[in-house]
There are 2 protein chains.
Amino acid sequence: MARSIVDTAADKLRAQGLRMTAQRRLVLEILEAANSHLDAEMLHQHARERDQSISLATVYRTLNLLHRAGIIEQRFLDQDHSRGYYEIHDESEHFHFTCLTCGKVIEFETDLVAQIRAELLEKYGVIVENTRIHFEGRCTRHPDCPQ
Amino acid sequence: MARSIVDTAADKLRAQGLRMTAQRRLVLEILEAANSHLDAEMLHQHARERDQSISLATVYRTLNLLHRAGIIEQRFLDQDHSRGYYEIHDESEHFHFTCLTCGKVIEFETDLVAQIRAELLEKYGVIVENTRIHFEGRCTRHPDCPQ
DNA sequence: TCCGAATTGCAAATAGATTTTCGTTTTGCC
DNA sequence: GGCAAAACGAAAATCTATTTGCAATTCGGA
């Protein structure tokens, strides 16, 4: 069975002479539990619920570290392009829809994106290395969404 | 036949008691001629080739104005999320591919995106109002790209 | 041509997420 | 346990795209 994200991360860090600390574990656990993207500030808030003394600087340092190590992903949204949002790096490619009313994030997969990339290769001879897709809109049948 | 972008813009501005000035015309003409996105700095450089004295502040003010008026679009790229890029507002929906080697931008259309939105509606009952798609990668057969 | 409002250039100010400094505290290895 | 390197907290610094204050200029309608 798959090893925990924290364990995997610990190994990756150790391989570079870095350490798995309580703060890094905390950040990873929060990211793992979250089913949406968090920015540094939100992460810091959540983290303080479990460790009063964790600093925002440490959250930033941790996010940079984990991002460089390929353990988490960083993305920027149009709604708020000035700050980074983070999530656990996921092997299987997925995309996001955000409800503008209730803020809920839906993660979904589709092979239509692969078809778009195939079209790009065929028509323009370009190879896509990086795909950035984000939809925004409204829930219509979600009970928690005030419509 | 379609009226020129500058004329259309002039009307929209006049309707709000605003003026079409030489600087605004210049910015629009540069955006119209450019086949890729420009940021404020690049736009300013180009503009100075035709009007030595145009200021960067005016470029920013003009971009804001035209954006608010719906005449141009503003977008943020992953490669450089910290600055805005601008292009003439286009009725037909299109998407972008950027070559990470040569920086060239390809604009393309595809109906596969509409299919993705249809899938989202069917599977999750959500209505997409806002679509953000951007691909990055490499040219393979473009003569100007150093591969 | 005249006038008030809109616009511009210049330079200085802003803003706010992220980074760094520094002294102190942990961590992993022996 | 003990040590050197790594990491931390707090607060100050940074960075730089964008905005703004102000005096001068321009615009368009009357």
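Author: The model is predicted. Helix 3 (residues 40-48) of chain A packs against helix 4 (residues 56-68) of chain A at an angle of about 120°, and their axes are 9 Å apart.

Reader: Which term describes how helix 3 of chain A and helix 4 of chain A lie to each other?

Author: Angles of 65 to 115 degrees count as roughly perpendicular, and over 145 as roughly antiparallel. Helix 3 and helix 4 of chain A are therefore oblique to each other. Their crossing is right-handed.

Reader: Which residues of helix 3 of chain A and helix 4 of chain A meet?

Author: From helix 3 of chain A come Ala40(A), Glu41(A), Leu43(A) and His44(A); they meet Leu56(A), Val59(A), Tyr60(A) and Leu63(A) of helix 4 of chain A. By class, the residues of this contact are six nonpolar, one polar and one charged.

Reader: At what angle do helix 2 and helix 3 of chain B cross?

Author: Helix 2 (residues 22-33) and helix 3 (residues 40-50) of chain B cross at roughly 115°, with axes that come within 10 Å. These two helices of chain B are therefore roughly perpendicular to each other. The crossing of helix 2 and helix 3 of chain B is right-handed.

Reader: Which residues form the contact of helix 2 of chain B with helix 3 of chain B?

Author: Helix 2 of chain B brings Leu26(B), Val27(B), Glu29(B), Ile30(B) and Leu31(B), which meet Leu43(B), His46(B), Ala47(B) and Arg50(B) in helix 3 of chain B. This contact has six nonpolar, one polar and two charged residues.

Terms used:
Residues are numbered from 1 along each chain as its sequence is written. Chains are lettered from A and ligands numbered from 1 in the order in which they are written. This is a predicted model: local features need pLDDT of at least 70, side-chain atom pairs count only at pLDDT 80 or more; totals for chains, interfaces and linings use all residues. Side-chain values use heavy atoms; hydrogens and water are left out. Axes are lines fitted to C-alpha atoms, for helices over the stretch in contact, and angles run from 0 to 180 degrees between N-to-C directions. Helices (H or I, at least four residues) and strands (E, at least two) are DSSP runs, numbered from the N terminus. Angles under 35 degrees count as roughly parallel, over 145 as roughly antiparallel, 65 to 115 as roughly perpendicular and the rest as oblique. A crossing is left-handed if the near helix is turned anticlockwise from the far one by less than a right angle, and right-handed if clockwise. Contact means heavy atoms within 4.5 Å. Ala, Val, Leu, Ile, Met, Phe, Trp, Tyr, Cys and Pro count as nonpolar, Asp, Glu, Lys and Arg as charged, and the others, Gly among them, as polar.
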